[in-house]
Amino acid sequence: MSIINVILCLIYLTLRIIKKWLLFKKLAYLISDRYQIIIFIVILAFRIKLIISKNIVNHKFDLMKKLSYLLSAAVLSLLLVSVGCDSGGDDGVPVVDQVGTTFSGTWAVDAAQTGQVTFGSPSQDRTDDYSDFALTITYTAGSEGGTASIVGGPSGVRPFLGTDSWTFSPVPTDAATTQFTVTRASDGLQIAVTNFSATGLTLSFSLADGGSTSRTEAVVGSWTFNLVKQ
């Protein structure tokens, strides 16, 4: 086979690889990051090896055979390196535990800003009432939940109990998520957590009376807490 045929063969292989890569990218968002590289390498290797094998059968070309062996060795090396890197990173920790760990800590109201705590409709600014408010979250790895406790805020009835427990509902599936929902154990209240990061978050929920004698018009309604991590 002439050098021109070799070049044409390599161009053909490249075009087939690009085609398969574009198809793979459409599906990649469905697969967690830790497996995408490995899956792509395996798909790419088998596809190239199949094409090379056809050339071996059809043309008996020794160079193609050598490339096939080299490709197999390269794929094995890349897989070993990829698996080795995964074992020492955050990818070895379940996503829910990664989010729970970031969620853990003490979150407080930035009293220097207005509108950090709002209530009711139309919205009322309650930041001054909660200027010394702090919420401490703990997470237990493997439990998909933890506990919560508060200090500060106005005396009397408040939208939070002194201590409570909570669970993710549903469990987060993306370690880089910026929003999720937790359920409070004491009353089943669902609390939306948005604008979530390692330094801040927003809690949003709506309290209904539900016949409870412990709730009054002072807390029944929609609440939003913008908190920063201490």
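## Lining of the largest cavity

Four strands, β4 (134-140), β5 (145-151), β6 (163-168) and β7 (180-184), each supply at least two residues of the lining of the largest cavity. Strands (E, at least two residues) and helices (H or I, at least four) are DSSP runs, numbered from the N terminus. This is a predicted model in which local features need pLDDT of at least 70 and side-chain atom pairs count only at pLDDT 80 or more, while totals for chains, interfaces and linings use all residues. Residues are numbered from 1 along each chain as its sequence is written, and side-chain values use heavy atoms, with hydrogens and water left out.

A cavity is a set of points, on a 1 Å grid over the protein atoms alone, where a 1.4 Å probe fits but cannot get out; lining residues have an atom within 4 Å of a point. Grid points are joined across faces, edges and corners, and a volume is the space filled by probe spheres set on the points. The count comes to one cavity of 30 Å³ or more. The volume of the largest cavity is about 170 Å³. It is lined by 15 residues, and the closest to its centre are Leu135, Ile137, Ala148, Phe160 and Ile191. By type, the lining has eleven nonpolar, two polar and two charged residues. Here Ala, Val, Leu, Ile, Met, Phe, Trp, Tyr, Cys and Pro count as nonpolar, Asp, Glu, Lys and Arg as charged, and the others, Gly among them, as polar.

## Helix α4 and its buried side

Helix α4 spans residues 95-103, and its buried residues are Val96, Asp97, Val99, Gly100 and Phe103. They cover an arc of only 165 degrees around the axis, so they sit on the same side of α4. That arc is taken from the directions from the helix axis to the C-beta atoms. Buried means under 20% relative accessible area, exposed means over 50%, and partly exposed lies in between (1.4 Å probe, protein chains only).

The cover over the buried residues of α4 includes β1 (105-109), β4, β6, β7, β8 (190-194) and β9 (200-207). Just after α4, Gly105 has a positive phi of about 135 degrees.

## Aromatic pairs

A pair of aromatic rings is described by the distance of the centres and the angle of the planes. Rings of Phe, Tyr and Trp (its six-membered ring) pair if their centres lie within 6.5 Å; planes under 30 degrees apart count as stacked, over 60 as edge-to-face and the rest as tilted. The whole structure holds 19 aromatic pairs. In one of them, the ring centres of Tyr130 and Phe225 are 5.3 Å apart and the planes stand at 85 degrees, so the pair is edge-to-face. Tyr130 lies in the loop between β3 (124-125) and β4, and Phe225 in strand β10 (residues 221-229), so the pair ties together parts that are 95 residues apart in sequence. Tyr130 and Phe225 are both buried.

Another edge-to-face pair is formed by Phe168 and Phe180, at 5.3 Å centre to centre and 70 degrees between the planes. Because Phe168 lies in strand β6 and Phe180 in strand β7, this pair ties together parts that are twelve residues apart in sequence. Phe168 counts as buried at 6% relative accessibility, and Phe180 counts as buried at 8%. Ring pairs also link Phe119, Tyr130, Phe133, Phe160, Phe205, Trp223 and Phe225 into a cluster.

## Thr147 in strand β5

Thr147 is found in strand β5 and counts as partly exposed, at 40% relative accessibility. Its C-alpha atom is 6.0 Å from that of Ile137, ten residues away along the chain.

Contact means heavy atoms within 4.5 Å. Leaving aside neighbours within four places in sequence, Thr147 is in contact with Thr136, Ile137, Thr138, Asp164, Ser165 and Trp166.

## Backbone details in the loops

A cis peptide bond, with omega about 5 degrees, joins Ser121 and Pro122. Pro122 is found in the loop between β2 (117-119) and β3. The peptide bond from Ser169 to Pro170 is cis, with omega near 0 degrees, and Pro170 is found in the loop between β6 and β7.

Glu144 is not a glycine but has a positive phi of about 60 degrees. This residue lies in the loop between β4 and β5 and is partly exposed, with a relative accessible area of 37%. Asn195, in the loop between β8 and β9, has a positive phi near 50 degrees, in a residue other than glycine. Asn195 is exposed, with a relative accessible area of 56%.

Technical notes
On a 1 Å grid over the protein atoms alone, a cavity is a set of points where a 1.4 Å probe fits but cannot get out, and a pocket is an open set with protein on both sides within 12 Å along at least five of seven lines; lining residues have an atom within 4 Å of a point.
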